[in-house]
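Here's a quick briefing for anyone meeting this structure for the first time. Have a look at the model, then read on.

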Amino acid sequence: MQAATRIPGTFVGGLVLLLLVGAPQGCGPEAEDQTEAVGQMAAEQGEELGGEDAGGAEVHWGYEGEAGSDRWGGLDPSFAVCDAGLEQSPVDLTGAIPGDAAEDGGLDIQWRATEAEVVDNGHTIQINTAEGSSIVLEGREFALVQFHFHLPSEHTVDGTASAMEVHFVHAAGEGDLAVIGVFMEAGDADPTIRGLWEAIPGPEDSPAAVGALDPGTLLPEGRGYFRYQGSLTTPPCSEVVSWVVMTESISVSQAQIDAFAALYPMNARPVQPLNGREIRLRT
Ligand SMILES: [Zn+2]
């Protein structure tokens with residue numbers, strides 16, 4: 001994909017992009033070149049990230065209608081776990097079991113400002129980040145690869161959704177991912193979001209470089225979080241995600257929410273059954 005050629009060697013998001021958002025550029029015929037390029041990168045990185053079958057990469061999917069989220073499992077054999085899985089995401093965060101983060105090693109966020117680029121991939125606005133930011137979750141290190149947005153939020157708390165949710169996607173070996181979700185509520189405008197929205201390229205344009213970006217500016221002050229095991233929230237819905245969802249929200253302006261909604265008025269999968277999974281609360 002073009003992300004890799006623009007700044008060689010610095011972007012590692014190819015397969016994660018593929019896993020999380022499938023075929024870029026709205027699945028249309030105009031997307032063929034980039035889809036092919038992403039597929040090629042996936043093949044190159046397949047071994048590194050666990051050899052995930054990329055067979056469904058070119059299957060059109062969306063959030064409503066014939067290819068909507070209630071039909072993903074039947075769109076392609078590689079999407080079957082979207083229907084059949086027992087550890088799917090998102091979920092309603094309720095009934096969490098409180099505890100001290102020291103019990104399991106907790107979360108250490110080690111992000112820093114790195115080069116970044118913005119892409120409209122046909123399912124969301126995604127920011128690919130260069131190497132250099134990572135987290136240590138429960139003793140295991142994951143590298144930040146990209147972050148992207150959903151409207152409304154995918155996770156809910158006691159049945160209530162937020163205006164938006166940002167997902168910071170981190171990868172470790174063996175294809176395992178750790179994603180940090182942060183709720184976004186209407187309030188004061190966010191200066192980082194302002195810069196990102198201004199840089200959004202057209203859906204058929206190349207990713208737009210935005211220079212050095214510190215993703216930490218999009219974290220809430222409080223470091224409490226919900227923690228559970230789940231899946232990608234987009235096809236192929238792979239159950240490889242250690243989820244962290246921050247309990248505090250960040251604020252963005254209603255105009256910033258509206259600007260995203262003008263591009264993606266609804267790109268949230270509904271909450272999925274817990275099927276006995278535990279949600280822990282770390283404060
Ligand atoms: Zn997401």
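V241, W243 and V245 point one way from strand 14, while S242, V244 and M246 point the other way, and all are buried. In this predicted model, local features need pLDDT of at least 70 and side-chain atom pairs count only at pLDDT 80 or more, while totals for chains, interfaces and linings use all residues. Residues are numbered from 1 along each chain as its sequence is written.

A few terms to keep handy: a residue is buried if 20 or more other C-beta atoms lie within 10 Å of its own, exposed if 12 or fewer, and partly exposed in between, with C-beta atoms placed from the backbone. Helices (H or I, at least four residues) and strands (E, at least two) are DSSP runs, numbered from the N terminus.

- Strand 14 is mostly covered, with six of its six residues buried.
- In a regular strand the side chains alternate between the two faces of the sheet.
- Strand 14 pairs with strand 11 in the parallel sense over five bridges; two strands pair if DSSP finds at least two bridges between them.
- One of the links here is L177, whose bridge partner in strand 14 is V241.
- Strand 13 (residues 225-230) is joined to strand 14 by six bridges, and these two run antiparallel.
- Y228 stands opposite W243 in strand 14.

**A closer look at V245**

- V245 lies in strand 14 (residues 241-246).
- Why does V245 count as buried? Because it has 25 C-beta neighbours inside 10 Å.
- Leaving aside neighbours within four places in sequence, V245 is in contact with L93, H155, G181, Y225 and F226; contact means that the C-beta atoms of two residues, placed from the backbone, lie within 7 Å.
- L93 sits 152 residues from V245 along the chain, yet their C-alpha atoms are separated by 9.0 Å.

**The nonpolar core**

- The largest nonpolar core has 54 residues, and V179, V182 and M184 touch the most other members.
- Strand 11 (residues 177-186) gives the most to this core, with seven residues.
- By nonpolar core we mean a set of buried Ala, Val, Leu, Ile, Met, Phe, Trp, Tyr and Cys residues joined through C-beta atoms within 7 Å.
- Not counting residues up to four places away in sequence, V182 touches E165, V166, L218, L219, P220, M246 and I250.

**Around strand 7**

- Strand 7 (residues 140-150) is largely enclosed by the rest of the structure, because eight of its eleven residues are buried.
- Strand 5 pairs with strand 7 in the antiparallel sense over three bridges, and I127 stands opposite F147 in strand 7.
- Strand 6 (residues 134-137) also runs antiparallel to strand 7, joined by four bridges; V136 has E141 as its bridge partner in strand 7.
- The hairpin of strand 6 and strand 7 has two residues between the strands, and E138 takes a positive phi near 50° there.
- Seven bridges link strand 7 with strand 10 (residues 164-171), again in the antiparallel sense, and the bridge partner of Q146 in strand 10 is V169.

**A loop residue: N121**

- N121 is found in the loop between strand 4 (114-120) and strand 5 (125-129).
- N121 counts as buried because it has 25 C-beta neighbours inside 10 Å.
- The C-alpha atoms of N121 and P201 are separated by 9.9 Å, though the two residues are 80 residues apart along the chain.

- Three strands form an open sheet in the order 1-8-9, with mixed pairing.
- Its edge strands are strand 1 (92-93) and strand 9 (160-161), each pairing on one side only.
- Strand 8 (residues 156-157) pairs with strand 9 in the antiparallel sense over two bridges, and T156 stands opposite A161 in strand 9.

- The protein chain has six helices and 16 strands.
- Buried residues make up 46% of its 283 residues.
- Of the contacts in the protein chain with a separation of 6 or more, 69% are between residues 24 or more positions apart.
- The average pLDDT (the predictor's confidence in each residue, from 0 to 100) is 85, and 80% of the residues score at least 70.
- Over residues 1-10 the pLDDT is below 50, and this stretch has 27 contacts in the model beyond near neighbours in sequence.
- Residues 12-55 also stay under 50 in pLDDT, and the model has 99 contacts for them beyond four places in sequence.
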